[in-house]
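Here are some notes to read alongside the model, in the order I would look at things. I hope they are handy when you have the viewer open.

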Amino acid sequence: MANKVRVAVLISGRGSNMRALIDACNEPDFPAQICLIISNKADAEGLIYAKENQIPTKIIESKNFSKDENGRMEFDKLVFQEIVNHKIDLVCLAGFMRILSKWFVENLTNKIINIHPSLLPSFKGANAVLDALKAGVKITGCTTHFVTEKMDDGPIIMQSAIEIDVDDNLESLAKKILVQEHKIYPQTLYLISKKLLNSL
Ligand code: GRF
């Protein structure tokens, strides 16, 4: 490994966390560099910022693959090939709305991290912010974790807690959580990258 960890970010849409990671990596002393952005959607908004930052992008449209195990594997193999081609050390999922196969995750054990908008293990799944609101909890937040075969599972790396106010709605709460996401994801990438560099 060179003096910086080579990172690929996988996105599906807005890409605001990807943006936070790119901005952090643009700091000269940051121990990681974003070398590749992969999107499973051709119109993902995040691709624009990636291009503005001269980061190679690759679109692999998941809609062209069946949702069964075979289709999943075919898609994941293309993603994996890109990761190998770009000599990627670490994969960051940032709003990547697709479940990865067991094969993919096992080939990259401890090399895939994710961010989720709740204090895991509470409120797994795609509606974490709404589910926390509906449950009436007074505190929620966001979590970074290593990715395993199970969705929104795997060892927790960092968390940030947020109080839910009585007048919070889905929009206001999601906004508050996102502010914290943009802090802990770069911090997590820093931490993991330093560890990776030291272990080699
Ligand atoms: C974030 O809330 C993240 O926690 C979740 O998906 C959302 C992605 O937002 N996994 P963005 O695309 O990074 O703006």
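Predicted model: local features only at pLDDT ≥ 70, side-chain atom pairs only at ≥ 80, totals over all residues.

1. Arginine 19 lies over the face of tyrosine 49, 4.0 Å from the ring centre. There is also lysine 77, placed over the face of tryptophan 103 at 5.3 Å from the ring centre.

2. Next, the aromatic pairs. How many does a search of the whole structure find? It finds five. One of them is the pair of phenylalanine 30 and tyrosine 190, which is edge-to-face, with 5.6 Å centre to centre and 65° between the planes. Phenylalanine 30 sits in the loop between helix H1 (16-25) and strand S2 (32-39), while tyrosine 190 belongs to helix H6 (residues 170-198), so this pair ties together parts that are 160 residues apart in sequence.

3. Helix H3 (residues 69-85) carries phenylalanine 80 and helix H4 (residues 102-107) carries phenylalanine 104, so the pair ties together parts 24 residues apart in sequence. Phenylalanine 80 counts as buried at 18% relative accessibility, because the cut-off for buried is under 20%. Phenylalanine 104 counts as buried too, at 0%. Elsewhere, Phe65, Phe75 and Phe96 form one aromatic cluster.

4. Helix H1 deserves a slow look. Eight of its 10 residues are buried, so H1 is largely enclosed by the rest of the structure. Which residues of H1 are the buried ones? They are Ser16, Asn17, Met18, Ala20, Leu21, Ile22, Ala24 and Cys25. The cover over them includes strand S1 (5-11), S2, helix H2 (46-52), strand S4 (90-93), strand S5 (112-116) and H6.

5. Now to how H1 meets H6. The axes of the two helices come within 9 Å and cross at roughly 45°, which makes H1 oblique to H6. The crossing of H1 past H6 is right-handed. On the H1 side the contact is made by Ser16, Asn17, Ala20, Leu21, Ala24 and Cys25, and on the H6 side by Leu178, Glu181, His182, Tyr185, Pro186 and Leu189.

6. H6 has another helix packed on it. Helix H5 (residues 128-135) packs with H6 at an angle of about 120°, and their axes are 10 Å apart. That makes H5 oblique to H6. H5 passes H6 in a right-handed crossing. Val129, Leu130 and Leu133 of H5 make the contact with Leu170, Leu173, Ala174 and Ile177 of H6.

7. What does cysteine 92 touch, leaving aside residues up to four places away in sequence? Its contacts are Val7, Ala8, Val9, Leu10, Leu21, Ile113, Tyr185 and Leu189. With isoleucine 113, which is 21 residues apart from cysteine 92 along the chain, the C-alpha separation is 5.0 Å.

8. Please also check a few backbone details. Leucine 120 and proline 121 are joined by a cis peptide bond, with omega about 10°. Proline 121 is placed in the loop between S5 and H5.

9. Finally, two residues other than glycine with positive phi. Glutamine 54 has phi near 55°, and its place is the loop between H2 and strand S3 (57-59). Aspartate 152 has phi near 50°, and this residue is in the loop between strand S6 (139-146) and strand S7 (156-163). Which of the two is buried and which is exposed? Glutamine 54 counts as exposed, at 68% relative accessibility, whereas aspartate 152 counts as buried, at 11%.

How values were computed: Residues numbered from 1 in each chain as written. Heavy atoms only, no water. Phe/Tyr/Trp six-rings, centres within 6.5 Å; stacked < 30°, edge-to-face > 60°. Helix = DSSP H or I, 4+ residues; strand = E, 2+ residues; numbered from the N terminus. Buried < 20%, exposed > 50% of the residue type's maximum accessible area, 1.4 Å probe, protein only. Lys NZ or Arg CZ within 6 Å of the ring centre and 35° of its normal. Contact = heavy atoms within 4.5 Å. Axes fitted to C-alpha atoms, helices over the stretch in contact; angles between N-to-C directions. Parallel < 35°, antiparallel > 145°, perpendicular 65-115°, else oblique. Left-handed = near helix turned anticlockwise from the far one by under 90°.
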